[in-house]
Amino acid sequence: MLGIINYNSGNLASVQNAILKLGGEVRIESNPEKLKSYDRLILPGVGAFGEAMEHLEKSGMKESILEFAKSGKPLLGICLGMQLLFQKSYEFGEHLGLGLIEGEIIKFDKKLLKEDEKIPHMGWNLVQKTKNSPLLKDLEETFYLYFVHSYYLGDFKNAIGISHYGVDFTALVQKDNLLGIQPHPEKSHNVGLKILENFLKFS
């Protein structure tokens, strides 16, 4: 059984529907006490980093996520959910994240973008595989995914896929059982569904 962590941040239904389409057993979970009962978890999210961390802390989800991560079972962060896995973000100030993976989240610099490129980075963009990972099984060396974000991870230490928007940035990460995807797989058609399918089989 896969659990989607509900902490009042993100379009949970679209992720749930994508998993159901793949034939997976999935439940949206609001009770931090129950996270340990799942085989794998997805941490989704849209919105501001600081507010999201505040929700996780106040709801008790933060400690439960940290415990789940220690268990070795697969945990996938999507979009803001991926960013929350890291140590720190500079979105509207300076905010500590879950600290599960080393790295900091920073804002795209307008000066590095082309004239027709705006912030947020929104739309389809090319992703290049940088390491083999079960999450990217049966995908080509390059593929397109759908992005919506203003902040990014510039650290490539745990990158398994990178993209470019003014600068190279990490699009997908893996550190042991911890995985993250900056774009939205549930909005990325067949390639996104394949990544989610691979996560359902990840062990």
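**View 1. Buried residues of helix α3 in the predicted model.** Helix α3 spans residues 61-71. Its buried residues are M61, S64, I65, L66, F68 and A69. Buried here means under 20% relative accessible area. An α-helix has 3.6 residues a turn, so residues three or four places apart point the same way. Strands β1 (2-5), β2, β3 (40-43), β4 (75-78) and β13 are among the elements that cover the buried residues of α3. The cover also includes helix α2 (49-59).

**View 2. The open sheet of nine strands.** The strand order is β2-β1-β3-β4-β13-β12-β11-β8-β9. Pairing in this sheet is mixed. Strands β2 (26-29) and β9 (142-149) stand at the edges. Each has a single partner strand, so one side of each is left without a neighbour in the sheet. From one strand to the next, the twist averages 30 degrees.

**View 3. Strands β12 and β13 side by side in the sheet order.** Strand β12 covers residues 167-175, and strand β13 covers residues 178-181. Strands of a sheet pair through backbone hydrogen bonds, either parallel or antiparallel. Here β12 and β13 pair in the antiparallel sense, over four bridges. L172 stands opposite I181 in β13.

**View 4. The annotated span, residues 5-200.** An unreviewed UniProt entry annotates this span as "domain: Glutamine amidotransferase". In the model, the end C-alpha atoms of residues 5-200 lie 16 Å apart. The span is 25% helix and 34% strand.

Notes. Residues numbered from 1 in each chain as written. Predicted model: local features only at pLDDT ≥ 70, side-chain atom pairs only at ≥ 80, totals over all residues. Heavy atoms only, no water. Pairing = 2+ DSSP bridges. Helix = DSSP H or I, 4+ residues; strand = E, 2+ residues; numbered from the N terminus. Axes fitted to C-alpha atoms, helices over the stretch in contact; angles between N-to-C directions. UniProt positions renumbered as here; feature names shortened; annotations may be inferred. Buried < 20%, exposed > 50% of the residue type's maximum accessible area, 1.4 Å probe, protein only. Contact = heavy atoms within 4.5 Å.
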